[in-house]
Each structure stands twice: as C-alpha cells, then as structure tokens.
Amino acid sequence: ININLNGKIALVTGSSSGLGMEIARYMAKAGATVAIHYRKEVEPATNLADDINKSGGKAAIFGGDVSKRSDVEKMFSDIDKKFGPVDILVNNAGIDGKRELCGDDDPDDWERVISINLLGPYYCSREAVRRMKKSGHGVIVNITSVHEFVPWSGYTAYSSAKAGLSMFTKTLAQEVSESGIRVVAVAPGAIKTPINKDVWSNPETYKDLLTKIAMPRMGETKDIAEAVTFLASDYASYITGTTLVVDGGMLLYPAFKHGG
Ligand code: NAD
C-alpha cells in the first residue's frame, strides 16, 4: 500500500515551521505539488521549497497573513497562476497567544487569536471550496488541537477557536459532501515544535507535561504529518466531518492510569 497524491496540488498554510513544514514534506513525498505558505519567515520557506525541488518534487512559496482576506484571495490566485487550482488544503497556520485570564486580558489579543486560528481557516476554505466545486473533488484538513475538547485555563481564545474550527469542519463537510469534497480535522496533542518550546525546553514543565500523556512521550511532527497525508489521500475516501485525534492518549485521563 502506497499513499499516492500524484497530480494533486496541496496548499499547507504556515509551512515555514513546525507541523506545517513536516506536512508539506510528506505531501511532496507522496507526489503532490506543494504550495508552501509563510507569513514572514521567507528563508525557511525557501529552503523547504529548494529541498523539495532538488529531490524531484515540485514546490513554490507563497506569502500572506491568513487573517487578512485580501492576502488569502491573492495567495489563491497566485497559486492558480503558478500551479492551478488547489486540490488539498491544510489549514495549519495558528498561534496559541499569551496566557491571559478573561477580564485581566487585552481583547485585542483575543481577537488576534480568533482571527488567525478561526477566520484564517474560514477565508482559506472559502477560496478552496470555490475551486474544488469546479473540479468536483477536494480535501480540506483543519489542524485543531486536543483543546477542541479540553478546556485550557488562560487560553480561552485558543480553545474557543479550535472548538469553533471543529464545528466548522463538520458543518462545511455537510455542505460540500455532494460536491465530492471532504473536510476533516486532525487534533494534535503535545507535539515538539517552536510553538511550545518554553514547555519542552524546561525540565520541570517537560516532566509535568509527560504526566498528561498516556504513552508517555511528546509527539513528533511526523506523527501529525502521517495522519494528515492519510486523510488527504483516497485511503480516507469515506471519512468526512470528523476529527482524528493524534495525541498519544492525552484524552485518556492519564491521571487515572494507576487506579486509586
Ligand atoms: P509553529 O509556531 O511552529 O507554526 C505556526 C505556523 O503558523 C508558522 O509557520 C507561522 O508563520 C504561521 N502563522 C502564524 N500566524 C500566522 C498568520 N497570521 N498568517 C499566516 N501564518 C501564520 O507551531 P506548530 O506547532 O507547528 O503549530 C501548527 C498548528 O498546529 C497550529 O494551528 C497549532 O495551534 C496546532 N497545534 C499544535 C500543537 C503542538 O503541540 N505543536 C498541538 C495542537 C495544535
């Protein structure tokens, strides 16, 4: 069995770093032409595109802020011109924001997290769906988080955005399933990337983190990239409107592991 995305055009938002970068590599390895998206980090995006092109794949970089509708519209039309209409969209770009308790927080920070993590995927999906309806097929993979299920004190914006993105996944899936389009979500647990470096680079917080994971280990970027590549492929052709949790058992209440 071999996942084959030959002939597909895949856009991975936020692929200049972390999970998005690994997902873009996997998409390319599976044969897709990859639109690498970055916001400011042009150098890692360029290096990734060079790596993919040198190893026989096809990739190019596209910039923009996903929370700005005009940037998203321009990005999709630039991809149309360079490669053609997108067949696979991975809404990966996101931030967790500062830890702030509701009431003592700055509403601008809340709005920013919602704009990037919820409006961004909506703007991108909207552009993608218009194209996918014309081609009669397509897959959208939304990267949510275990925090679409688990509350996270100090991060009301992040948790709300991810839970919102989960419901967006289901509702959009219902809307577009007759057009041959699937919409799914992947909910990562704790995966080692720059977003959570302050947690895994400090031995004390790292030890505490491991108590929250049943396996117990942090996830690697490849754990997510494999799940996303599978969901984008025809091996998942009967899967839509649901979330695949990839968390090493974070949702298994590991605090109960030893009975008591
Ligand atoms: P990361 O910080 O390495 O990558 C985030 C990416 O999003 C970067 O490429 C950044 O440029 C991009 N981005 C941020 N704001 C943007 C904007 N306004 N416009 C365009 N791009 C923007 O973090 P990561 O861990 O790779 O996170 C990727 C996704 O996975 C995020 O949506 C995050 O919420 C989700 N996630 C990560 C974890 C984890 O443990 N790493 C767990 C659950 C969910």
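User: Is Trp152 buried, exposed or partly exposed?
Analyst: This is a predicted model, where local features need pLDDT of at least 70, side-chain atom pairs count only at pLDDT 80 or more, and totals for chains, interfaces and linings use all residues. Residues are numbered from 1 along each chain as its sequence is written, and side-chain values use heavy atoms, with hydrogens and water left out. Buried means under 20% relative accessible area, exposed over 50%, and partly exposed in between (1.4 Å probe, protein chains only). Trp152 comes out at 30%, so that makes Trp152 partly exposed.

User: And Tyr155, buried or exposed?
Analyst: Its relative accessibility is 15%. That makes Tyr155 buried.

User: What kind of pair do the rings of Trp152 and Tyr155 make?
Analyst: Rings of Phe, Tyr and Trp (its six-membered ring) pair if their centres lie within 6.5 Å; planes under 30 degrees apart count as stacked, over 60 as edge-to-face and the rest as tilted. Here the centres are 3.8 Å apart and the planes sit at 20°, so the pair is stacked.

User: How many aromatic pairs does the structure hold?
Analyst: Ring pairs also link Tyr122, Tyr123 and Phe168 into a cluster. For the structure, the count of aromatic pairs is six.

User: Which residue has its charged end over the ring of Trp200?
Analyst: A charge sits over a ring if NZ of Lys or CZ of Arg is within 6 Å of the ring centre and within 35 degrees of the ring normal. At Trp200, the charged end is 5.0 Å from the ring centre, and the residue is Lys192.
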